[in-house]
Amino acid sequence: MRKNVVIIGGGPSGLLLSRLLSIDGIDNIVLEKQSEEHVMGRIRAGVLESGTIEMLKKAGVSDRLEKEGFNHDGIQLSFKNHGFRINLKQLTNKHVTVYGQTEVTKDLYSKIKKENGDIINNAEDVLPQDVHTDAPFVTFKKDGVEKKIKCDLVAGCDGFHGISRTIIPKAIIKSFERKYPFGWLGILSETPPVSEELIYANHGNGFALASMRNENLSRYYIQTPLNEKIENWTDQKFWDELKKRLPTEAADTIVTGSSIEKSIAPLRSFVCEPMSWKKLFLVGDAAHIVPPTGAKGLNLAVSDVYYLHDALKKYYQSQTNEGLNKYSYNALSRVWKAIRFSWWMTTTFHKFPEQSSFDQRIQDSEIEYLENSVASQKVLAENYVGLPY
Ligand code: APR
Ligand code: PHB
């Protein structure tokens with residue numbers, strides 16, 4: 001078999017790239033390690049920037065999103081149980097849209113299938129080969145049978161634990177990483193969200209976030225120590241701790257119920273450079289990870305797809321390599337800004353175990369400054385709604 005582009009990984013990056021390439025008549029195939037049910041079952045943040053919405057529109061998968069997504073013109077911040085609002089709309093003339101990442105993935109999957117796009121699920125031992133030559137190919141196993149696909153280029157959209165990044169020689173690739181000394185304990189509950197807008201709370205006990213999926217599905221998180229065991233957290237204990245950390249008005253009105261999902265995730269920032277090597281191009285979590293505090297993970301994956309799709313279109317339609325040569329540079333310059341913003345949100349809203357009294361005062365004044373300075377709010381707002389591509 002031969003394809004123009006082999007896409008490794010069928011998460012949001014791989015699916016969106018596949019769809020956009022197919023629209024332009026660029027032949028491609030997605031090789032996904034997991035089953036379709038597994039991919040659809042992953043619960044992840046769903047705050048979409050307007051640039052992300054535009055890309056999903058371009059891919060023809062925005063109908064449900066436009067009907068079911070919630071446009072938010074602001075976010076709530078809270079400090080020591082006192083809440084205040086960042087008016088995103090007024091500060092940037094933009095809003096964000098709350099729509100689960102799981103739903104984005106479902107919409108992409110069903111559109112690709114409807115348009116007869118190629119996705120192979122349960123592809124085992126996927127391996128990009130000879131990507132440093134003009135004749136790259138990808139091998140994998142399906143139902144125990146060895147397969148080989150020749151191609152022009154390989155897109156590594158296989159997430160942080162994927163194979164693609166490991167193909168780049170150690171002498172060429174450089175990694176940058178920060179691991180945070182805490183995790184997020186998250187629950188999903190079939191209860192109405194406590195607030196119409198997301199609440200990001202800094203509290204003496206640690207960070208908390210009130211988010212949502214729809215009118216009767218809420219997503220809440222609290223910061224916990226890294227080694228915390230999920231078994232130690234009954235629903236009641238979670239709600240009690242969450243209430244302590246939210247602004248007083250929210251804590252007084254929150255509707256609690258049993259959780260339908262509960263998990264702990266570590267927080268990390270990670271970037272690898274370059275994001276391409278010869279005929280291999282890394283996209284999304286395969287090249288970078290952000291802590292969820294700024295809700296940038298999916299949005300960054302989409303901006304990578306924007307740069308790579310644009311470069312591939314020029315490669316196939318105008319026979320120019322220029323966009324592909326600049327892909328890593330263009331993607332990274334936006335990636336690093338989102339890495340900085342997510343690090344800043346994380347640093348400003350969490351309690352660090354080793355935080356000194358000096359660090360504490362700096363954090364206090366950062367948030368007080370944010371509450372009272374339009375300039376400071378504007379910096380947060382323009383990053384939160386998403387920097388331009
Ligand atoms: N072969 C084939 N597929 C693989 C392999 C492999 N060796 N390794 C991983 N995969 C698949 C995973 O099963 C997953 O479906 O690649 C996909 C990668 O998807 P994501 O991890 O969702 O990464 P990405 O598509 O870049 O999406 C980024 O998703 O993880 C969130 O926070 C992240 O919001 C961001 C967005
Ligand atoms: C979520 O709804 O899961 C969510 C929202 C905003 C974030 C992180 C997670 O910053």
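**Close-up 1. The lining of the largest cavity in this predicted model is made of nine nonpolar, two polar and one charged residue.** Here Ala, Val, Leu, Ile, Met, Phe, Trp, Tyr, Cys and Pro count as nonpolar, Asp, Glu, Lys and Arg as charged, and the others, Gly among them, as polar. Look for Ala45, Gly46, Val47, Trp184, Leu198, Tyr200, Leu209, Ser211, Arg213, Tyr221, Pro292 and Ala295 around the space. Strand β14 (residues 208-214) gives the most to this lining, with three residues. The volume of the largest cavity is about 90 Å³, and the structure holds four cavities of 30 Å³ or more. A cavity is a set of points, on a 1 Å grid over the protein atoms alone, where a 1.4 Å probe fits but cannot get out; lining residues have an atom within 4 Å of a point. Grid points are joined across faces, edges and corners, and the volume is the space filled by probe spheres set on them.

Before moving on, a word on conventions. This is a predicted model, in which local features need pLDDT of at least 70 and side-chain atom pairs count only at pLDDT 80 or more, while totals for chains, interfaces and linings use all residues. Residues are numbered from 1 along each chain as its sequence is written, and side-chain values use heavy atoms, with hydrogens and water left out.

**Close-up 2. The chain is divided into domain 1 (5-71 + 97-176 + 268-345) and domain 2 (180-267 + 352-385).** These bounds come from an automatic or database domain assignment. The C-alpha centres of the two domains lie 29 Å apart. Across the boundary, 24 residues of domain 1 are in contact (heavy atoms within 4.5 Å) with 21 residues of domain 2. The largest cavity draws at least three lining residues from each domain.

**Close-up 3. Helix α11 (residues 322-349) packs against helix α12 (residues 357-372) at an angle of about 110°, with the axes 9 Å apart.** That makes α11 roughly perpendicular to α12, a label for angles of 65 to 115 degrees. Trp344, Thr347, Thr348 and Phe349 of α11 meet Gln363, Glu366, Ile367 and Leu370 of α12. Four of these contact residues are nonpolar, three polar and one charged. Axes are lines fitted to C-alpha atoms over the stretch in contact, and angles run from 0 to 180 degrees between N-to-C directions. Helices (H or I, at least four residues) and strands (E, at least two) are DSSP runs, numbered from the N terminus.

Key:
Chains are lettered from A and ligands numbered from 1 in the order in which they are written. Angles under 35 degrees count as roughly parallel, over 145 as roughly antiparallel, 65 to 115 as roughly perpendicular and the rest as oblique. On a 1 Å grid over the protein atoms alone, a cavity is a set of points where a 1.4 Å probe fits but cannot get out, and a pocket is an open set with protein on both sides within 12 Å along at least five of seven lines; lining residues have an atom within 4 Å of a point.
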